[in-house]
Amino acid sequence: MSVHSLENADPLYGLMAEFESAGDLVAAARRTKEAGFKKFDAYTPFPIHELDDAMDLHDNRVSLFTLIGGLIGCAGGFGLASWVEAVALPLNIGGRPFISAPMYIPITFELTVLVGGLTAAISMIVMNGLPSPYHPVFNVERFSDASRSKFFLCIESDDPKFDRHATAGFLESLGPEEIAEVAR
Amino acid sequence: MAQPVELPSKIEIGPVIDEGHSLASVSDKIAGIVLKRKITIGWIFGFLIAFGFMQLLMGAATWLIVKGVGIWGINIPIGWGFAIVNFVWWIGIGHAGTLISAILLLLNQSWRNAINRFAEAMTIFAVLCAGMFPVLHTGRPWLAYWLLPYPNTMWLWPQFRSPLVWDVFAVSTYLTISAVFWYVGLIPDFATLRDSATQRWKQVIYGFLSLGWRSSARHWQRYEKAALLLAGLSTPLVVSVHTVVSFDFAVAMIPGWHTTIFPPYFVAGAIYSGFAMVLTLMIPVRKFFGLEDIITLRNLNNMAKVTLATGLIVGYGYMFEAFFGYYSADIYEKFMIWNRMTGPYAPFYYVLILCNVITPQFLWSKRIRTNPLVLWCISIVVNIGMWLERFVIVITSLHRDFLPSSWGMYWPTIWDWAVYLGTLGFFMTCIFLFVRALPMITIFELRMLLPGGRVKEPVAR
């Protein structure tokens, strides 16, 4: 294990520790949270549900937006069909009522799914701040393994508790493979 | 109590993914197919054949636009010829992809992780093929936008009580949501390709497609939520699409179409044909790209079981179609089923029964389910059988309706065949490009199947 260039005076985005296994990372994330850090993030090659608890990740807004989107699609679908058949172009088809609700269900359903699904995908992408053409974490050379096989934890310099030396010492106590500074 | 019976000739099926793989090795293997593997002669050969067939589609569509739908074999009473047969067939094939990606995700079936990307790709390409047929069948494809509700100077609107309009909404929603789900699934894998690529242009293209994904835990949490929601929305969607397609028939008055069994029977048939197509494509792909350790015999075995189960439902459908005809006490219904079995198109009916009811019975045998070559042959037979099913439903019902004065015959012309084979070429062209340009297996979901993908927290120090 080595600590690279801690005396570097460049503005820092944060300090990044690399872990060998998912279990080590989850334990490290839990201790980081318990130590009172707020602005930190883990980077993993696949979703790890244990981190939701270890890092207090409980963002349910994607579900909420999807529900709202689905309801808009639902109302929009039924409203469109009813408006067209009752107001815009009322035609008497075999004496059926202008608002023949059962026959508008397929359109209502399809638009519910369409708007709900698009909302789910778009709200996930937007709330994740994507697309993001540049991000400081990619300045760490070994970070390319985050999408392949390695696990990273980064404590950001914006955190009120962040201190270049003390935080590096704290990360070392978590038993990482390596610690690197993340240039901004 | 009875002793546990030792089964004779026990066949070992093995795990979902072969042992010996690590997080890094699966990533490198699948990313390597896209990034490092040279383009082989075999790929070029196959691609050129597929691309050649696609030119048939181009030619036939051009001639159709020049001359009109009269170049096809359709007539009155058989206004729905190959175009609708192929439309229903292609849409059905797509259903396996969504079933694998959405329903099996909700059911927590981890064996799906190795095949879902490929199956979803197949779905999108199949739906694209399907969508061409109704548009071409209108005879004026350049006016296809008339199907959509939009304010126009004549203040004309689509008839929302018509199953044909439901179809427009169902198929376009299906295509859109499948494509979105597929892309969302690809984002983390694009990031893997970006980080593994060594050439600048590949890094730029995959980086652009990955939207700058950085594998953050905070992102993964929302990502998983969105993926689950998309799966939850796609599950009823996939069932609804073929149901709506079956309404095109069931809402009509024609004997043989006007039955309540159509929606479930169409959905089962769709999944049946879709799984057969997944097998048709996956078995050669796993061989040519050396993926036997990831798409294991367990995957093939499970897919064969789904094929068998849905095949039995389809067989049940045939049985009850015949029974309803008899039990309805309606002379037109009775005649329809009698004509189907003994009329001019009877050979098609019997080949259909042979392909769809008799052939899948072989899948009861584990030895056959784990023999890729035999399984591949069965899957081809099932594909043909399902195509014949749609032919029988569309053509035999239309050609003998209520009045003998309005009876007719339908035979496809060379242009019907050209469009059909052309869409097969288009489909295969897409598949050939897909396996070269995109990771054909969802890498990040595969990682979760590995020992390194499980979380064992060390005891607190």
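In this predicted model, A:K39 is in contact with A:E156, A:D158 and A:D159, neighbours within four places in sequence being left aside. A:K39 sits in the loop between helix 1 (22-34) and strand 2 (40-43) of chain A. The residue is partly exposed, because 14 other C-beta atoms lie within 10 Å. A:G129 is 90 residues away from A:K39 in sequence. In space the two C-alpha atoms are 16 Å apart.

Chain A is assigned two domains. Domain 1 takes in residues 12-58 + 133-183, and domain 2 takes in residues 61-127. The centres of domain 1 and domain 2 of chain A, taken over C-alpha atoms, are separated by 44 Å. A cis peptide bond links A:L130 to A:P131. Its omega is near -5°. A:P131 belongs to the loop between helix 4 (101-127) and strand 3 (151-156) of chain A.

Chain A and chain B touch. The contact involves 53 residues of chain B and 60 residues of chain A. On the chain B side, at least two residues each come from helix 1 (23-35), helix 5 (163-196), helix 7 (217-250) and helix 15 (443-447). Helix 7 of chain B gives the most, with 16 residues. By class, the side of chain B that touches chain A has 30 nonpolar, 13 polar and 10 charged residues.

Two helix pairs within chain B were examined next. Two packed helices are described by the angle between their axes and the distance between the axes. For helix 3 (residues 82-106) and helix 4 (residues 116-137) of chain B, the axes come within 7 Å and cross at roughly 155°. Helix 3 of chain B is therefore roughly antiparallel to helix 4 of chain B. The crossing of these two helices is left-handed. Their contact is made up of 17 nonpolar residues, 8 polar residues and 1 charged residue.

The second pair is helix 5 and helix 6 (residues 200-209) of chain B. Here the axes come within 8 Å, and the crossing angle is roughly 160°. These helices of chain B, helix 5 and helix 6, are thus roughly antiparallel to each other. Helix 5 of chain B also crosses helix 6 of chain B in a left-handed manner. Helix 5 of chain B contributes B:F190, B:L193 and B:R194 to the contact. Facing them in helix 6 of chain B are B:Q203, B:Y206, B:G207 and B:L209. This contact divides into 4 nonpolar residues, 2 polar residues and 1 charged residue.

Several loops of chain B carry backbone exceptions. Most residues other than glycine have a negative phi, and most peptide bonds are trans. The bond between B:I76 and B:P77 is cis, with omega about 20°. B:P77 lies in the loop between helix 2 (41-67) and helix 3 of chain B. B:N108, a residue other than glycine, has a positive phi near 60°. B:N108 is in the loop between helix 3 and helix 4 of chain B. B:N108 counts as exposed because 7 other C-beta atoms lie within 10 Å. B:A329 is not a glycine either, yet phi is positive at about 60°. The loop between helix 9 (297-327) and helix 10 (331-342) of chain B holds B:A329. With 8 C-beta neighbours inside 10 Å, B:A329 is classed as exposed.

Notes. Residues numbered from 1 in each chain as written. Chains lettered and ligands numbered in written order. Predicted model: local features only at pLDDT ≥ 70, side-chain atom pairs only at ≥ 80, totals over all residues. Domains from an automatic or database assignment. Axes fitted to C-alpha atoms, helices over the stretch in contact; angles between N-to-C directions. Helix = DSSP H or I, 4+ residues; strand = E, 2+ residues; numbered from the N terminus. Parallel < 35°, antiparallel > 145°, perpendicular 65-115°, else oblique. Left-handed = near helix turned anticlockwise from the far one by under 90°. Nonpolar A, V, L, I, M, F, W, Y, C, P; charged D, E, K, R; others polar. Contact = placed C-beta atoms within 7 Å. Buried ≥ 20, exposed ≤ 12 C-beta atoms within 10 Å, placed from the backbone.
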